[in-house]
Amino acid sequence: MSPQLTPEEVTSAAERIVAAYSAMDEEAYFGSFDPQATFLFHGTPERLNSRDDYEEQWRTWVSEGWKVIGCHSSDPFIQIYGTTAVFSHSVATTTEEQGQRAITEERETIVFTRAGSGGIKAVHEHLSLNTF
């Protein structure tokens, strides 16, 4: 059986996702997610049922002139359940679309699990607007 995840592993995995997203490093960003990962975003009407679905949505956003300028994570909280962990945090993202910048305050939950040879992958992401 694979060893239990550690807070350090989860923190590192989450930091890699945020950094890759902020840099729009698609290879590193999408490589952090399991191919069967699911995604719930407040800006999409339906659940994205795989990493491929999300990559397709991403390409649509980019083709429409959307890009990430920066992303800042705060208030992390980690819950570990053996080889699975739930990471939640607040995130402030600056984006630009057709020359217009916007800052979005959101709350995000990412579920991680130990994958294959000891690494960890995200298997679910849920992003909601922070309305408080």
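Some ground rules. This is a predicted model, in which local features need pLDDT of at least 70 and side-chain atom pairs count only at pLDDT 80 or more, while totals for chains, interfaces and linings use all residues. Residues are numbered from 1 along each chain as its sequence is written, and side-chain values use heavy atoms, with hydrogens and water left out. Helices are DSSP runs of H or I with at least four residues, strands are runs of E with at least two, and both are numbered from the N terminus.

Stay with α1. Its buried residues are Val10, Ala13, Ala14, Ile17, Val18, Ala20 and Tyr21. Buried means under 20% relative accessible area, exposed means over 50%, and partly exposed is in between, with a 1.4 Å probe and protein chains only.

Now Met24. It comes just after α1, in the loop between α1 and α2. Met24 is not a glycine, yet its phi is positive, about 55 degrees. Most residues other than glycine have a negative phi. Is Met24 buried, partly exposed or exposed? Its relative accessible area is 21%, so Met24 counts as partly exposed.

On to the aromatics. Rings of Phe, Tyr and Trp (its six-membered ring) pair if their centres lie within 6.5 Å; planes under 30 degrees apart are stacked, over 60 edge-to-face, and the rest tilted. The count by this rule is 18 aromatic pairs. Take Tyr29 and Trp58: a tilted pair, 5.5 Å centre to centre, with 35 degrees between the planes. Tyr29 is in helix α2, residues 26-31, and Trp58 is in helix α3, so this pair links distant parts of the chain, 29 residues apart. Tyr29 and Trp58 are both buried. Trp58 also pairs with Phe30, and here the geometry is edge-to-face: 5.4 Å centre to centre, 85 degrees between the planes. That pair again joins α2 to α3, across 28 residues. Phe30 is buried too.

Another residue of helix α3 is Gln57. Gln57 counts as buried because its relative accessibility is 19%. Gln57 and Asp34 are 23 residues apart in sequence, and their C-alpha atoms are 16 Å apart in space.

Next, the strands. Two strands pair if DSSP finds at least two bridges between them. β2 and β3 run antiparallel, joined by 13 bridges. Ile78 has Phe87 of β3 as its bridge partner. Ser73 is bridged to Val91, also in β3. The two strands form a hairpin with 2 residues between them, and Gly82 in the turn has a positive phi of about 70 degrees.

β3 then pairs with β4, also antiparallel, over 14 bridges. Here Thr94 has Ile103 of β4 as its bridge partner. This hairpin, too, has 2 residues between the strands. Gln98 lies in that loop, between β3 and β4. Gln98 is not a glycine, but its phi is positive, about 50 degrees. With a relative accessible area of 65%, Gln98 is exposed.

Last, the largest pocket. On a 1 Å grid over the protein atoms alone, a pocket is an open set of points where a 1.4 Å probe fits, with protein on both sides within 12 Å along at least five of seven lines; lining residues have an atom within 4 Å of a point. How much space lies in the largest pocket? About 440 Å³. That volume is the space filled by probe spheres set on the points, which are joined across faces, edges and corners. The lining has 22 residues, and Tyr21, Trp61, Trp66, Glu106 and Leu127 lie nearest the centre. Elements giving two or more residues are α1, α3 (51-63), β2 (66-81), β3 (84-97), β4 (100-115) and β5 (119-129). β3 gives the most, with 5 residues. By class, the lining has 11 nonpolar, 6 polar and 5 charged residues. Nonpolar here covers Ala, Val, Leu, Ile, Met, Phe, Trp, Tyr, Cys and Pro; charged covers Asp, Glu, Lys and Arg; the others, Gly among them, are polar.
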